[in-house]
Amino acid sequence: MTTTFSFDGRDIPFRPGQTVGGALLAAGVLSWRSTRIEGSPRGLFCGIGVCFDCLVTVDARSNQRACQVVAHEAMTVRSQDGTGHDAEAI
Ligand code: FES
């Protein structure tokens, strides 16, 4: 049985201990945030919690680093735009 979490309405499989960012990358999702000014796509960059390029909204909490959050079943992850202050998550 495959364990999954929800990402923008899509089921993303993950292995125990895998981060949200690792699972998204393994599922072929390369970007899940856009920059504030240019709207450029962002995803994993440093992969170690330093650059903040990988921000996502996790269970209605915005600005979570996907490379640091360990995936768990039933979590809901959403992509972010701009400042990361997702209107639905505030
Ligand atoms: S990829 Fe750099 S903080 Fe997550």
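This is a predicted model: local features need pLDDT of at least 70, side-chain atom pairs count only at pLDDT 80 or more; totals for chains, interfaces and linings use all residues.

Residues are numbered from 1 along each chain as its sequence is written, and side-chain values use heavy atoms, without hydrogens and water.

Select the strands (DSSP runs of E, at least two residues, numbered from the N terminus). Five of them form an open sheet in the order β2-β1-β7-β5-β6, with mixed pairing; two strands pair if DSSP finds at least two bridges between them. At the edges are β2 (10-13) and β6 (61-65), each pairing on one side only.

Next, select residues 55-58, which are strand β5; this strand and β6 pair in the antiparallel sense over three bridges. Within β6, R65 stands opposite L55.

Now select F5 and F14. They form a tilted aromatic pair, 5.8 Å centre to centre with 40° between the planes. Ring centres must lie within 6.5 Å for a pair; planes under 30 degrees apart count as stacked, over 60 as edge-to-face and the rest as tilted. A search of the whole structure finds one such pair. Both F5 and F14 are buried, meaning under 20% relative accessible area, whereas exposed means over 50% and partly exposed lies in between (1.4 Å probe, protein chains only).

Finally, select L25, which lies in helix α1 (residues 20-26). L25 counts as partly exposed because its relative accessibility is 40%.

How values were computed: Helices (H or I, at least four residues) and strands (E, at least two) are DSSP runs, numbered from the N terminus. Rings of Phe, Tyr and Trp (its six-membered ring) pair if their centres lie within 6.5 Å; planes under 30 degrees apart count as stacked, over 60 as edge-to-face and the rest as tilted.
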